[in-house]
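Visitor: I would like to learn how to read strands, cavities and ligand contacts in a model. Please take me through one.

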Amino acid sequence: MSPTPSLTSPIRVVADGETSIDDEALAALGVQERTLEVVCTSGDRYEATWRGVALADLLERCEVPPETTHVLVESADGYRVSVRIDRALEALLAFERDGHPLSAAAGYDARFVAPGIGGPRAVKDVALIETVAIPPGAHPESYEELWPDD
Ligand SMILES: Nc1nc2c(c(=O)[nH]1)N[C@H]1C(S)=C(S)[C@@H](COP(=O)(O)O)O[C@H]1N2
Ligand SMILES: [Mo]
């Protein structure tokens, strides 16, 4: 089993309180593998085998408020998406794609991947994960900051 990486900077998790996920915290979580497709809205798509820690395991350490409806995932440069909590609980915070560390292959440590979220929400260079309760009638998209490449 490949080890968890050493992060260039800790990943912040904001749930009930705020936690910083450092190398030691990461290493305490089990590494999982999932084969998932990244589907761009342009139609480009590829399937890959991702390895990383389950977001569910990560969130379990952080006291997720019961009213949580969505998770916001933000990159180091402020790209931000909103993902329904049921899908987020299926997500991986991935460090490896097809056996290659993302740090070497793509130039960042961690990426958010989950079934059914679509390519634009597969955030690269994850820096912050935040649980939110979006009220009924509000638009989850209004919490996002996407710069689609298409
Ligand atoms: N941080 C960040 N993540 C991002 C994007 C971006 O612009 N910034 N683009 C998204 C879009 S639109 C797609 S389709 C996929 C593309 O992933 P790929 O480069 O592995 O094909 O990354 C997503 N993740
Ligand atoms: Mo895309």
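**Strands, spaces and a ligand**

Guide: Start with one pair of residues: Val 71 stands opposite Val 83 in β6. Before going on, note that this is a predicted model, in which local features need pLDDT of at least 70, side-chain atom pairs count only at pLDDT 80 or more, and totals for chains, interfaces and linings use all residues. Residues are numbered from 1 along each chain as its sequence is written, chains are lettered from A and ligands numbered from 1 in the order in which they are written, and side-chain values use heavy atoms, with hydrogens and water left out.

Visitor: In which sense do strand β5 and strand β6 pair, and over how many bridges?

Guide: Strands (E, at least two residues) are DSSP runs, numbered from the N terminus, and two strands pair if DSSP finds at least two bridges between them. Here β5 (residues 70-75) and β6 (residues 80-84) pair in the antiparallel sense, over five bridges. The two form a hairpin with four residues between them, and Gly 78 in the turn has a positive phi of about 90 degrees.

Visitor: What do β3 and β4 form, and how many residues lie between them?

Guide: A hairpin, with five residues between β3 and β4; Gly 43 in its turn has a positive phi of about 105 degrees. Nine bridges join β3 to β4 (residues 45-54), again in the antiparallel sense. One bridge links Gln 32 to Gly 52 in β4. On β4 there is also an antiparallel pairing with β7 (residues 92-97), over five bridges, where Ala 54 has Leu 92 as its bridge partner.

Visitor: How many cavities of 30 Å³ or more are there?

Guide: On a 1 Å grid over the protein atoms alone, a cavity is a set of points where a 1.4 Å probe fits but cannot get out; lining residues have an atom within 4 Å of a point. Grid points are joined across faces, edges and corners, and a volume is the space filled by probe spheres set on the points. The count is one, and the volume of the largest cavity is about 40 Å³. Its lining includes Leu 36, Trp 50 and Ile 117, and β3 (residues 31-39) gives the most to that lining, with three residues.

Visitor: Which residues are closest to ligand 1?

Guide: A residue is near a molecule if one of its heavy atoms lies within 4 Å of it. Ligand 1 is surrounded by 13 residues, the closest being Tyr 46, Arg 111, Gly 119, Ala 122 and Lys 124.

Visitor: What are the distances from Arg 111, Lys 124 and Ala 122 to the ligand?

Guide: A polar contact is a pair of N or O atoms within 3.5 Å. Oxygen atoms of ligand 1 lie 2.8 Å from a polar side-chain atom of Arg 111 and 2.6 Å from one of Lys 124. A polar backbone atom of Ala 122 is 2.9 Å from a nitrogen atom of ligand 1. By the Shrake-Rupley method with a 1.4 Å probe, the protein covers 80% of the 530 Å² of accessible area that ligand 1 has on its own.

Key:
On a 1 Å grid over the protein atoms alone, a cavity is a set of points where a 1.4 Å probe fits but cannot get out, and a pocket is an open set with protein on both sides within 12 Å along at least five of seven lines; lining residues have an atom within 4 Å of a point. A polar contact is a pair of N or O atoms within 3.5 Å; within protein, one must be able to donate a hydrogen and the other to accept it, and residues adjacent in sequence count only if both atoms are side-chain atoms.
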